[in-house]
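Here is a short briefing for a reader new to this structure. Please look through the sequence and the model first, then read the points below.

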Amino acid sequence: MGFYSYPLVAPIAGTFHVKCKDSDLASTERQRDSAGLGERVPRNNDKVAKGSGSGNPGQSRWFEPIFDRRYPELFGPIEGDAGEEVREILGLLSPPAGASVVDLACGRGRHAIPLASMGFRVTGVDYSEKMLLMGKALAEKEGVSVEWVREDMRTFRRPGTYDLFISLFSSFGFFSDQENQGVLENIEASLKQSGTLLLDLRNAAKGFARPEDGEKTLSVSAGHLRMSVRYDRGTGRARAEHVLTRRDGIRISSVFDVRIYTKEELVAMLRDAGMRVRGFFGSLAGAPHTRLSERMVVVADKGITSSRESFRTA
């Protein structure tokens, strides 16, 4: 699907709107409310673990309108096959059997659950309570065990605990450069010695040069999904909008932005966090990384590296 073979970014600080062509919107919203959509689930019933920190209280609710039960409808049509992606990751990294894995910004557990079903000890971390509860319900249905932790990635830190961190679907880059650096430092601290990080990101060298790459419309089962992006070369941030016009006339949209890092920037950031870049790849399957690659998959290992050390590409 070209530019949007994966979504450009995972939704972050942004807005969410629902519009209807007539007065049915009010009754539709009442139906959603009666079904529990948009409501905060009582914490003493959800059995989702608290993390070790509280995150930024000023941003504690921005995600709720986006990361709810409507998320699969808005973003599901452009998600890949999670089971296949997990198999590709395992083929690329070859982690030991039973390794401890963190899926950072795990959402509803699309990758955490298949990993757990393969015998890995998985911790899914996300700040959306609703997405975590969806993941928990699916894991119970599948009969697998996942530790679900509701915490901001800027504060999640468990020193020397994990063999592997994965951050998929362009889930890194939500915040300021300083805060994003802090996320990497938390990951480094939480990894065991020689532990590994995999970042799955948008390739900064691809997709922003041609006007036609800025917008894509797809026909999906629910209706028509229009995705657009505007990239600010001065700040290195991309602002994206997804608009789903459903067949029943209801229109759902979300607007969000993310920092798109270059290869050189990531090498420096990972080095400063105490990690050594093992390689850059053009896909989770380990395809060569080029300027035309849709994805930039970064694999780094815990361990200080010299600023003069070079990195390789597959």
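Tyr 162 has Leu 191 as its bridge partner in S7. The chain passes from S6 through H7 to S7, a β-α-β crossover that is right-handed. Keep in mind that this is a predicted model.

- S6 covers residues 162–167 and runs parallel to S7, with 5 bridges joining them.
- S7 also joins S13, through 7 bridges, and these two run antiparallel.
- Leu 197 has Ala 300 as its bridge partner in S13.
- S7 is mostly covered, with 9 of its 12 residues buried.

**Helix H8**

- H8 spans residues 263–272, and its buried residues are Lys 263, Leu 266, Val 267, Met 269 and Leu 270.
- An α-helix has 3.6 residues a turn, so residues three or four places apart point the same way.
- The buried residues of H8 pack against helix H7 (177–190) and strand S7 (191–202). They also pack against strands S12 (275–281) and S13 (295–302).
- Lys 263 lies over the face of Phe 280, at 5.3 Å from the ring centre.
- Just after H8, Gly 274 takes a positive phi of about 95°.

**Nonpolar cores**

- In soluble globular proteins, nonpolar side chains tend to be buried together.
- The largest nonpolar core here has 37 residues. Phe 165, Phe 172, Leu 184, Leu 266 and Val 298 touch the most other members.
- Leaving aside residues up to four places away in sequence, Leu 184 touches Phe 172, Leu 197, Leu 199, Met 269, Leu 270, Ala 273 and Met 275.
- A second, separate core holds 27 residues, including Ala 112, Ala 139, Ile 166 and Val 297.

**Aromatic rings**

- The structure holds 5 aromatic pairs.
- The rings of Tyr 162 and Phe 165 have centres 5.7 Å apart and planes at 90°, so this pair is edge-to-face.
- Tyr 162 counts as buried because its relative accessibility is 3%. Phe 165 counts as buried at 1%.
- The rings of Phe 172 and Tyr 261 have centres 5.9 Å apart and planes at 35°, so this pair is tilted.
- Phe 172 is buried, with a relative accessible area of 4%. Tyr 261 is buried too, with a relative accessible area of 4%.
- Ring pairs link Phe 156, Tyr 162 and Phe 165 into a cluster.
- The charged end of Arg 110 sits over the ring of Phe 169, 5.7 Å from its centre.

Conventions:
Residues are numbered from 1 along each chain as its sequence is written. This is a predicted model: local features need pLDDT of at least 70, side-chain atom pairs count only at pLDDT 80 or more; totals for chains, interfaces and linings use all residues. Side-chain values use heavy atoms; hydrogens and water are left out. Buried means under 20% relative accessible area, exposed over 50%, partly exposed in between (1.4 Å probe, protein chains only). Helices (H or I, at least four residues) and strands (E, at least two) are DSSP runs, numbered from the N terminus. Contact means heavy atoms within 4.5 Å. A nonpolar core is a set of buried Ala, Val, Leu, Ile, Met, Phe, Trp, Tyr and Cys residues joined through side-chain atoms within 4.5 Å. Two strands pair if DSSP finds at least two bridges between them. A crossover is right-handed if, with the strands pointing away from the viewer, the path from the first strand over the helix to the second runs clockwise. Rings of Phe, Tyr and Trp (its six-membered ring) pair if their centres lie within 6.5 Å; planes under 30 degrees apart count as stacked, over 60 as edge-to-face and the rest as tilted. A charge sits over a ring if NZ of Lys or CZ of Arg is within 6 Å of the ring centre and within 35 degrees of the ring normal.
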